[in-house]
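Colleague: Hi! Could you walk me through this one while I have it open on my screen?

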Amino acid sequence: MKSNKTKGINTVCTHEGELEDKQFKGAVSPLYMSTSYQFDDVDVKRYPRYYNTPNQEALCKKLAALEHAEAALIFGSGMAAVSTALITFLQAGDHVVLQQTIYGGTYHFAVSQFERFGISYSFTTGWEVEDFEKEIQPNTKVLYLETPSNPLLTITDVKGVANLAKKKGILSMIDNTFASPVNQNPIDLGVDVVIHSATKYMGGHSDICAGVVAASQEHMDKVWQTGICFGGSLSDYTVWLLERSIKTMVLRVRAQNENAMKMAEYLYQSEDVDNVYYPGLPSHPGHDVAKKQMKGFGGMLSFELNASIDTSLFFKQLELIKPSMSLAGIESTMLSPTKTSHALMSAEDRAKQGIKDSLIRFSLGIEETEDLIADIEQAIAKVKAMSVTA
Ligand SMILES: *Cc1c(COP(=O)(O)O)cnc(C)c1O
């Protein structure tokens with residue numbers, strides 16, 4: 001398959017980059033586990049940490065096509081992708097502007113590691129383009145955004161930030177994990193570098209840990225140079241599994257979008273719920289921008305129960321929805337960001353970002369919406385009954 005632009009996304013997911021099984025004519029890409037390849041009389045020196053084994057190269061073609069990028073690389077985790085990408089484009093003396101409410105691990109990476117590399121950083125105080133502009137210094141080299149963000153699903157104007165970066169000669173970088181390539185393609189909006197935790201929607205079954213960086217060939221050559229030093233490559237077996245997972249990504253994510261929309265509407269009208277954060281709701285402050293830049297509003301939402309309903313007790317009463325870490329699997333999960341994803345952040349910083357202790361992050365799976373709603377209703381009823389008898 002040569003031209004990516006003309007193929008529909010489901011065709012790209014199913015076929016792009018696939019390896020032909022010349023020997024047995026099997027339907028799927030064969031898996032090559034070799035860590036040793038011939039060096040003589042060949043063009044490419046293949047080695048897993050060089051990100052160029054047959055399965056790695058095959059998957060990278062699919063990933064690049066999905067993000068409308070010239071090239072992509074696959075890493076051993078989302079954080080390997082985030083850290084390798086940032087360190088590639090930053091060096092001692094540089095400054096980076098990071099959006100507020102980014103993934104907890106990325107926040108932790110910045111505050112715990114940048115100083116030793118001599119890199120300075122600022123966090124935006126909001127999510128508007130002006131908030132990024134305000135933080136720019138003469139030595140700013142990267143603007144880093146994440147939209148929809150974790151865990152409050154704030155929306156940033158991707159094109160606005162990308163244009164600002166272009167105007168100032170700064171590189172723009174986005175964590176596109178929450179949207180997935182199904183719902184948002186930042187390169188079409190002018191962003192330079194796109195990052196994913198493939199552990200989430202790309203893997204989609206809560207059994208793969210991986211990361212992706214996608215950009216122009218020129219940028220990816222630089223990421224590769226750093227990547228071979230940091231050594232964050234992914235095992236070929238997991239690469240092969242991820243190729244398999246991505247084949248059904250569009251079907252999964254669209255079902256999750258639909259579930260999240262219905263769930264957001266249900267929670268919004270519920271008297272037991274104080275706040276719902278979902279960009280698909282017209283009441284969400286980022287709704288209009290989300291409508292312009294996204295093809296779907298995603299499978300993630302957050303909400304707060306009434307203060308009278310104890311959140312930890314509520315988690316314990318759930319029967320179908322799993323109170324568990326991580327997100328984006330085909331099974332629905334909930335967690336408390338204060339206790340998990342944002343536990344490394346100080347209570348003060350969490351409060352600044354509007355992350356309350358009662359906040360619940362909800363990752364919608366593909367179960368029937370009615371069953372999920374029934375589970376929430378029975379859990380709330382049980383907690384209420386407990387507080388009456390207590
Ligand atoms: C999970 C996640 C990451 C980190 O990915 P890992 O695969 O856990 O290393 C980065 N960004 C976002 C938005 C995430 O959800």
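Modeller: Happy to. Let's start at Tyr51, which is buried, with a relative accessible area of 4%. Keep in mind that this is a predicted model.

Colleague: Where does Tyr51 sit in the chain?

Modeller: Tyr51 is in the loop between helix H1 (9-15) and H2. The backbone there deserves a look too: Tyr51 is not a glycine, although its phi is positive, about 60 degrees.

Colleague: Which residue other than glycine has a positive phi near 70 degrees?

Modeller: That is Ser180, with phi near 70 degrees. Ser180 belongs to helix H7 (residues 180-183).

Colleague: While we're on backbone geometry, where are the cis peptide bonds with omega about -5 degrees and about 5 degrees?

Modeller: Thr147 and Pro148 are joined by the one with omega about -5 degrees, and Asn150 and Pro151 by the one with omega about 5 degrees. Pro148 is in the loop between strand S4 (140-146) and helix H6 (158-168). Pro151 is also found in the loop between S4 and H6.

Colleague: Thanks. On to helices: how far does H3 reach from its first C-alpha to its last?

Modeller: H3 covers residues 78-89, twelve residues in all, and reaches 17 Å, close to the 16 Å expected at 1.5 Å a residue.

Colleague: And why do you call H3 largely enclosed by the rest of the structure?

Modeller: Because eleven of its twelve residues are buried. Among them are Gly78, Val82, Leu86, Ile87 and Phe89.

Colleague: What caps the N-terminal end of H3?

Modeller: Ser77 does, with a side-chain oxygen 3.4 Å from the backbone nitrogen of Met79.

Colleague: Nice. How do H2 and H9 cross?

Modeller: The axes of helix H2 (residues 54-66) and helix H9 (residues 236-246) come within 9 Å and cross at roughly 35 degrees. The crossing of H2 past H9 is left-handed.

Colleague: Which residues meet there?

Modeller: From H2 you have Asn55, Gln56, Leu59, Lys62, Leu63 and Leu66, and on the H9 side Asp236, Val239, Trp240, Leu242, Glu243 and Ile246.

Colleague: New topic: which side chain makes a polar contact with Thr369?

Modeller: The side chain of Asn259, at 2.6 Å. Thr369 lies in helix H14 (residues 369-389) and counts as buried, at 4% relative accessibility. Leaving aside neighbours within four places in sequence, Thr369 is in contact with Asn259, Lys262 and Met263.

Colleague: What about the helix with Asn259 among its buried residues?

Modeller: That is H10, whose buried residues also include Met263, Arg252, Gln256 and Tyr266. Helix H10 (residues 249-269) has 21 residues, and its reach of 30 Å from first C-alpha to last is close to the 30 Å expected at 1.5 Å a residue.

Colleague: How about Asn306, is that buried or exposed?

Modeller: Asn306 is buried, with a relative accessible area of 17%; the cut-off for buried is under 20%. Asn306 is in the loop between strand S9 (300-305) and helix H12 (311-317).

Colleague: What does Asn306 contact there?

Modeller: Apart from neighbours within four places in sequence, Asn306 is in contact with Glu271, Asp272, Val273 and Asp274. With Asp274 there is a polar contact of 2.7 Å between the side chains.

Colleague: Last one: where is Trp127?

Modeller: Trp127 is in the loop between strand S3 (120-123) and helix H5 (129-135). Trp127 is partly exposed, with a relative accessible area of 28%.

Colleague: And what does Trp127 touch?

Modeller: Not counting residues up to four places away in sequence, Trp127 touches Gln99, Gln100, Thr101, Phe132, Thr154, Ile155, Thr156 and Asp157. The side chains of Trp127 and Thr154 are joined by a polar contact of 3.3 Å.

Colleague: How far is Trp127 from Met33 in space?

Modeller: They are 44 Å apart, C-alpha to C-alpha, and 94 residues apart in sequence.

Colleague: Great, thanks for the tour!

Note on methods. Residues numbered from 1 in each chain as written. Predicted model: local features only at pLDDT ≥ 70, side-chain atom pairs only at ≥ 80, totals over all residues. Heavy atoms only, no water. Helix = DSSP H or I, 4+ residues; strand = E, 2+ residues; numbered from the N terminus. Expected span 1.5 Å × (residues − 1). Buried < 20%, exposed > 50% of the residue type's maximum accessible area, 1.4 Å probe, protein only. Polar contact = N/O pair within 3.5 Å; in protein donor to acceptor, adjacent residues only side chain to side chain. Axes fitted to C-alpha atoms, helices over the stretch in contact; angles between N-to-C directions. Left-handed = near helix turned anticlockwise from the far one by under 90°. Contact = heavy atoms within 4.5 Å.
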